[in-house]
Amino acid sequence: MPLQDVTDRKIWLAPLAGYTDNAFRRICKECGVDVLVSEMVSADGLMHEQSNTIDYAKFSDEQQPFFIQIFGNNPLIMAQGAESLIKLNPYGIDINMGCPVKKVIKRGAGSALMQTPSIAFDIVREVKKALHGTDIILSAKFRSGWDLQSINYLDFGKGLEDAGAELICLHPRTRSQMFSGEAKWEHIKSLKESVTVPVIGNGDINSIITGMEMFEKTGCDSIMIGRGSLGKPWLFEEIRSAIDGTFSVPLDNNWKYKVIEKHLKYVLEENDNNHEQAVKEFRAHVSTYTKGIPGGSKTRDLINRTTDVDVIMFEIRKLFRL
Ligand SMILES: Cc1cc2nc3c(=O)[nH]c(=O)nc-3n(C[C@H](O)[C@H](O)[C@H](O)COP(=O)(O)O)c2cc1C
């Protein structure tokens, strides 16, 4: 698969476990995102053929170019996991080396791999072997280091490149920082200057300006947006028109409401029209869509007490003054 289709000033949706499911990805695609990534999928779960694990990896054709992200600690199991995904024909396989949560760390996976670089590089080598003969791209996503005393993203990034990663993505915080403090974009700049593979810049992009600045200040090849897209998937379209230099009409509340309505429609579809289940899933997104709008908390309270989709959309319409 052509690398430049995902690295040439493209906009990626970051993997966000619990948020970037099929319905949200479909909405982001319609709002102009270029590249999508699955939520993280356990390589152990893939090996044991757990059906809920495989469900996390599934995507529809219109979501291409699509990367499936896997996590784990054992290079051979990671390779087996990657091999089992070839049949889904993803554009790429991404290795999670940045997740800071305890559940993942205690298995030696996610950002714990930054403390054991030789295992991380073995994982890349073994997964690369498993993908041999396919044109599936291999990438890795990592942090600046474990903590401020052990910043190692430069050596780590170079090691990943030497092991066979074809592109790398840096979220420049340490594991200890979790998601607090500011992302150190200067780390992305230094990494870009030190490796030859394309670099995706991630962290704290939440507006047209920060999206453009990430390109300018770091020289990264493409950008990745996570939390900034929650509650405003239209941000992709806004940044895309800024990159292309085309005029973007300010999006009004009516337009935004239509996006939210469609998002709920997709959540219903993904849940075989089971309203109760769909509403449960959609509530997390309602919180993000209504955040910061005067009266939003009252709307959220009301929505948390109903499973009636018509009531939900009525309340959102009211909040958006439509
Ligand atoms: C709720 C949540 C879930 C996340 N899940 C994942 C994940 O599954 N895989 C991963 O590599 N990163 C995950 N991340 C990290 C994001 O992909 C991203 O690197 C981080 O949020 C910084 O980017 P942002 O400032 O654009 O959000 C998650 C972050 C959050 C807040």
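I started with S7 and strand S8 (residues 199–202), which pair in the parallel sense over three bridges. This is a predicted model, where local features need pLDDT of at least 70, side-chain atom pairs count only at pLDDT 80 or more, and totals for chains, interfaces and linings use all residues. Residues are numbered from 1 along each chain as its sequence is written. Strands (E, at least two residues) and helices (H or I, at least four) are DSSP runs numbered from the N terminus, and two strands pair if DSSP finds at least two bridges between them.

I then looked up Cys-169, whose bridge partner in S8 is Ile-200. S6 and S7 run parallel and are joined by six bridges. Between them the chain passes through helix H8 (residues 153–163) in a right-handed β-α-β crossover (clockwise from the first strand over the helix to the second, with the strands pointing away from the viewer). S7, helix H9 (residues 185–194) and S8 also make a right-handed β-α-β unit.

Is S7 buried or exposed? Eight of its eight residues (167–174) are buried, so S7 is largely enclosed by the rest of the structure. Buried means 20 or more other C-beta atoms, placed from the backbone, within 10 Å of a residue's own. Leu-167, Cys-169, His-171 and Arg-173 cover one face, with Ile-168, Leu-170, Pro-172 and Thr-174 on the other.

Technical notes:
A residue is buried if 20 or more other C-beta atoms lie within 10 Å of its own, exposed if 12 or fewer, and partly exposed in between; C-beta atoms are placed from the backbone.
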